[in-house]
Amino acid sequence: MTSKKQGPSATNAWMISTFIFAGLLFLSLVWTAVFTMIVFSGGLATQAPAQTIPAPSQPTTPPAQQQPSGAAPQIDFATAHTLGDPNAPVVMVEYSSFTCPFCGRFHAETFPDIQSFIDRGDVFYVYRHFPRSAEDVRIANFAECAAEQDAFFSFIDRIYSNQGAVSDANLRAHAQALGLDMSAFDSCVESGRNRGVADDHLAEARQVGVTGTPTFFVNDNRIVGAQPFSVFQQAIQAEI
Amino acid sequence: MILRYLRQELSATIIFTSFLTGILFLLFVDLIPNMGFLFRALTSSEYAFLSMLWAFLSGVPATVPTINAWLLFVVGFLTALNVSLVLKRGARLRSMGATGSSSFLGVLAGGCSACATGILPLIGLGGVVAILPFHGIELAVVAIVLLCVTLYWNARAGVCAAD
């Protein structure tokens, strides 16, 4: 008695799909390895070096004032959203999305610990937008308008603490709670003049291979995901 | 009859190995995006590699969504069960191909494309998964269903061979 036979075409289809998926997996591993080796050898500086903060008259230039030559993005620190001492030995760049729950988790659970490194002058922290949707662009517009009144980090703290409530009214309420000039704030939001900032940050992120959020650069070291504080602690201490 | 065969063939060792494989699948998908940094930690004297590796591993519950983690584990577990049966019984090419396809589908769709863990974002296909209604979870479910089917085929292959 013979069982119902599967024709050769069904077998071939399975084998072909196996090879396709295996090929994709192999490609991803090879690409990651090659990309890592290239950027660590400084071969992916696709942007002209951004303007650096003018070096003080010292025999040596503090490392943080030098643009990273490897995997990290080239950022104009003078116009970026930053915290801490620009002369710190470690530059930590975060690409983040307001609608990403893992970014929210990082800001709630891990960033307060990293703040201690910032306060000690060991880390110079830079925040960059990574909009994953039109929603992120809309929220980023509000955040950039808060930045015009020097309230960027206070504003995004409130956003990350209330990621479930990001309507225009909610965001406006955050601005009011922070005591911002609402007339200027509303005017800024309605003008939409800051809408391009998030897209600029996204383009910059793509150039250095950022594909999701949160993604961090601790000097030249890329760290992906809302990793526990111990990962960042070791990465920062190794660079100090 | 199939269940009896499975109970016969799937020893405690195979089950335990499959359990470990499931865990390895999950850890692998989380570690892949950080491979460059881990390589640097391994080759640089400034880092304690094992300590760094442990820090990443202990962060898996925080970096991979729970449902994605469970799906990855199940894909790994079923893959190992299938491979065990294939090795034991030398199952037909169709079964081997189906096992491979389903497993790779589950691994590629695993992780979280939006939160940058996973494999598809590494090759620029994160957007493909991100636009799906459940952001890749449906692909992992399909993979698991297929792996259950291949488990049935592999078990039946053993039963038929015995006839």
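How many bridges join strand E2 of chain A to strand E4 of chain A, and do these strands run parallel or antiparallel? In this predicted model, strand E2 (residues 90-96) and strand E4 (residues 215-218) of chain A are joined by 4 bridges, and the two strands run antiparallel. Across this pairing, A:Tyr95 stands opposite A:Thr215 in E4 of chain A. In general, the strands of a sheet pair through backbone hydrogen bonds, in either a parallel or an antiparallel manner.

Strands E2 and E4 belong to an open sheet of 5 strands in chain A, with the order E1-E3-E2-E4-E5 and mixed pairing. Strand E1 (81-83) and strand E5 (221-224) of chain A form the edges, each pairing on one side only. From one strand to the next, the twist averages 20°. Helix H8 (residues 229-239) of chain A lies across E2, E3 (123-129), E4 and E5 of chain A; this helix runs at about 25° to E4 of chain A.

The largest nonpolar core comprises 60 residues. The members that touch the most other members are A:Val90, A:Met92, A:Val93, A:Val123, A:Ala143, A:Ala146 and A:Val218. Helix H3 (residues 134-147) of chain A gives the most to this core, contributing 7 residues. Apart from this core lies another, of 22 residues, which includes B:Phe77, B:Leu85, B:Ala140 and B:Leu147.

The surroundings of A:Val90 were examined individually. When residues up to four places away in sequence are not counted, A:Val90 touches A:Asp122, A:Val123, A:Phe124, A:Val218, A:Asn219, A:Ile236, A:Glu239 and A:Ile240.

Definitions and conventions:
Residues are numbered from 1 along each chain as its sequence is written. Chains are lettered from A and ligands numbered from 1 in the order in which they are written. This is a predicted model: local features need pLDDT of at least 70, side-chain atom pairs count only at pLDDT 80 or more; totals for chains, interfaces and linings use all residues. A nonpolar core is a set of buried Ala, Val, Leu, Ile, Met, Phe, Trp, Tyr and Cys residues joined through C-beta atoms within 7 Å. A residue is buried if 20 or more other C-beta atoms lie within 10 Å of its own, exposed if 12 or fewer, and partly exposed in between; C-beta atoms are placed from the backbone. Two residues are in contact if their C-beta atoms, placed from the backbone, lie within 7 Å. Two strands pair if DSSP finds at least two bridges between them. Axes are lines fitted to C-alpha atoms, for helices over the stretch in contact, and angles run from 0 to 180 degrees between N-to-C directions.
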